[in-house]
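Student: I have not seen this structure before. Please show it, and then I will ask about it.

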Amino acid sequence: MAVSSPSSSSTLKIGIIGFGPFGQFLAKTMIKQGHILRATSRTDHSQLCHRSGISFFSDKRAFLEADNDVILISTSILSLSEVLNSLPVHCLQRRTLIADVLSVKEYPRNVLLQVLPEEMDVLCTHPMFGPESGQNGWKDFAFVYEKVRIRDEATCSSFLRIFESEGCKMLEMSCEEHDKVAAKSQFLTHTIGRVLSELEIQSTSMNTKGFETLIRLKESSVNDSFDLFSGLYIHNRFAKQELLDLEAAFEKVKHKLQQKMEEVQLEQSPNESKL
Ligand SMILES: NC(=O)c1ccc[n+]([C@@H]2O[C@H](COP(=O)([O-])OP(=O)(O)OC[C@H]3O[C@@H](n4cnc5c(N)ncnc54)[C@H](OP(=O)(O)O)[C@@H]3O)[C@@H](O)[C@H]2O)c1
């Protein structure tokens, strides 16, 4: 298998697998930076790609043979295994950097190591922003990554520079550490947002600032697909405990309120309570 370096230190040929909302969002900045983009996806996004100067491949084999420096996986968490197993990875003609942007990290790391030929480099990443939060730029947003299996440091650095140069806060950490922290932060945020959506909270004429924050949280949570949210639960082994802790915390708050109400009632009408 041939080993080659990226076309130039700054220009990469990047092939995106999964051209949904997040893949499209990332592609815009990559094109702006001068990289050459290709895409393949379940749905035919050829018109959209054509308008943006991206080559769209319906044929997965032709996509893999298109001499990509980097293949960026941006499919839903739930479809990752099916998508990767349907790829004729033996068609990759040279060492390629395979990177993913899934919002969980141990799961894609394990699947990638299992499915890809040993010659392929693997970088697991999670840009901690999305089409909405990052619409005005990526400055100061965290970009988490683990260099799982990297031999071609030059291509990996060029890829990381895409995010560095936009001002992202680059955080190198293990996939396990990412999932532990993300369960306590991102999964919790999405869960509360989904609960608020089930409650159908609506803006009122007398919103407090706190309530406006809740409305924004509800709206941003439901803007992401349910596949994304359920993927955060199903494929992050730390999320189950977080959901149990949330339920327990809710019960604890309910119990404290109930206890306080009984104390107050007792203080206000001590004689009645003796009857
Ligand atoms: N949105 C964000 O803010 C954000 C931020 C960081 C990371 N991420 C990660 O980026 C990835 C993409 O997220 P997203 O926001 O675009 O939405 P998503 O609902 O998580 O994923 C949509 C993508 O998955 C593909 N897909 C879904 N089911 C499929 C199936 N059965 N077979 C083949 N492909 C399938 C879709 O393909 P088609 O379009 O071809 O139908 C589309 O490209 C996810 O892994 C997510 O965790 C998202």
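Student: How many positive and negative side chains does the protein have, and how far apart do the centres of the two sets lie?

Tutor: This is a predicted model, where local features need pLDDT of at least 70 and side-chain atom pairs 80 or more, while totals for chains, interfaces and linings use all residues. Residues are numbered from 1 along each chain as its sequence is written, and side-chain values use heavy atoms, without hydrogens and water. Lys and Arg count as positive and Asp and Glu as negative, with His and the chain ends not counted; each charge is placed at NZ of Lys, CZ of Arg, CG of Asp or CD of Glu. The protein has 31 positive and 36 negative side chains, and the distance between the two centres is 3 Å.

Student: What percentage of the residues count as buried?

Tutor: Buried means under 20% relative accessible area, exposed over 50%, and partly exposed in between, with a 1.4 Å probe and protein chains only. Of the 275 residues in the protein, the buried share is 44%.

Student: Which domains does the assignment give, and how far apart are their centres?

Tutor: The bounds come from an automatic or database domain assignment, which gives domain 1 (13-173) and domain 2 (178-267). Taken over C-alpha atoms, the centres of domain 1 and domain 2 are separated by 31 Å.
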